[in-house]
Amino acid sequence: FLLKFNYYTTKGVPTIGVNARKGFINLYMNDQFVNGGLDEEGKPLMMPKIDKKTGKPVFVLDKKGQPTFDAHGDPVMEMEEWNGLNDQELEGVLIHEIMHLIRCHHERSREDHYVWNIAGDMLINDDIKGMSIGGRKIVLPDGGVYLDMARQEGYKGEKITEPLYEWLLDIRKQFQNMLSDLIKNGGGQGQGQNEQGQ
């Protein structure tokens with residue numbers, strides 16, 4: 001696979017991504033995600049801080065222990081300096097991207113590409129976390145999504161992308177409705193956000 005890739009460095013993707021178009025396999029890499037470094041203003045690149053125990057982003061809480069929201073109504077996350085990927089993490093991410101191609105995720109994609117990618121990522125990462133090559137465990141960078149996260153929220157379906165995607169769409173609507181109700185009732189700092197959520 002790696003020999004067949006057309007490689008592109010771009011800021012058009014936040015991390016690394018693949019697709020297959022017109023018979024070509026393309027790998028898109030954000031150099032700052034791979035190598036860390038400075039942003040356009042010369043400041044260190046920042047990424048969401050990930051809780052080592054839960055694997056989830058750490059949210060900024062108010063004095064009552066509730067998440068805070070930015071001007072767009074999105075929850076505010078704690079940020080930390082991003083130093084890029086080490087060699088093992090880069091290897092894990094490349095295996096992850098190859099698995100998207102093997103599973104034909106680009107051909108099977110559904111209407112909401114963002115949610116489809118999350119469903120695919122959860123299943124791929126679930127497989128990778130138990131994978132090794134030559135007795136060496138494959139490592140992924142912190143902050144990935146895993147099937148366990150969906151299971152903790154109530155997903156009981158099969159390890160197949162399509163049903164997980166449908167479940168994620170449903171649960172997203174539930175969370176959007178809860179956030180919308182919170183905003184309508186004056187909770188949080190999300191006043192002014194459109195009611196469909198993000």
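How many of the 198 residues of the protein count as buried, as a percentage? The answer is 35%. Keep in mind that this is a predicted model.

Let me start with the overall layout. The protein has six helices and seven strands. Read from the N terminus, the elements go β-β-β-α-β-β-α-α-α-β-β-α-α. So much for the order along the chain. What about contacts across it? Take the contacts between residues at least 6 apart in sequence. Of these, 51% join residues at least 24 apart.

Three strands make up an open sheet, in the order 1-3-2. The pairing is mixed. Which strands sit at the edges? They are strand 1, residues 5-9, and strand 2, residues 16-21. Each of these edge strands pairs on one side only. On average, neighbouring strands of this sheet are turned by 25 degrees against each other, direction ignored.

Strands of a sheet pair through backbone hydrogen bonds, and they do so either parallel or antiparallel.

Which sense do we have between strand 2 and strand 3, parallel or antiparallel? Antiparallel, over six bridges. Strand 3 covers residues 24-29. Let me point out two pairs. G17 stands opposite Y28 in strand 3. N19 has N26 in strand 3 as its bridge partner.

Strand 2 and strand 3 form a hairpin, with two residues between them. Look at K22 in that turn. K22 has a positive phi of about 50 degrees.

What lies across this sheet? Helix 2, residues 87-102, lies across strand 1, strand 2 and strand 3. Helix 2 runs at about 30 degrees to strand 2.

One more general point. Rolling a probe the size of a water molecule over the atoms shows where empty space is left. I will take the second largest pocket, with a volume of about 180 Å³. There are 13 residues that line this pocket. Which of them are the closest to its centre? They are K52, G55, D142, G143 and Y146. And the make-up of the lining? Five residues are nonpolar, four are polar and four are charged.

To recap the sheet: the order is 1-3-2, strand 2 and strand 3 form a hairpin, and helix 2 lies across the three strands.

Technical notes:
Residues numbered from 1 in each chain as written. Predicted model: local features only at pLDDT ≥ 70, side-chain atom pairs only at ≥ 80, totals over all residues. Heavy atoms only, no water. Pairing = 2+ DSSP bridges. Helix = DSSP H or I, 4+ residues; strand = E, 2+ residues; numbered from the N terminus. Axes fitted to C-alpha atoms, helices over the stretch in contact; angles between N-to-C directions. Contact = heavy atoms within 4.5 Å. 1 Å grid on protein atoms, 1.4 Å probe; cavity = no way out; pocket = protein on both sides within 12 Å on 5 of 7 lines; lining within 4 Å. Points joined across faces, edges and corners; volume = space filled by probe spheres on them. Nonpolar A, V, L, I, M, F, W, Y, C, P; charged D, E, K, R; others polar. Buried < 20%, exposed > 50% of the residue type's maximum accessible area, 1.4 Å probe, protein only.
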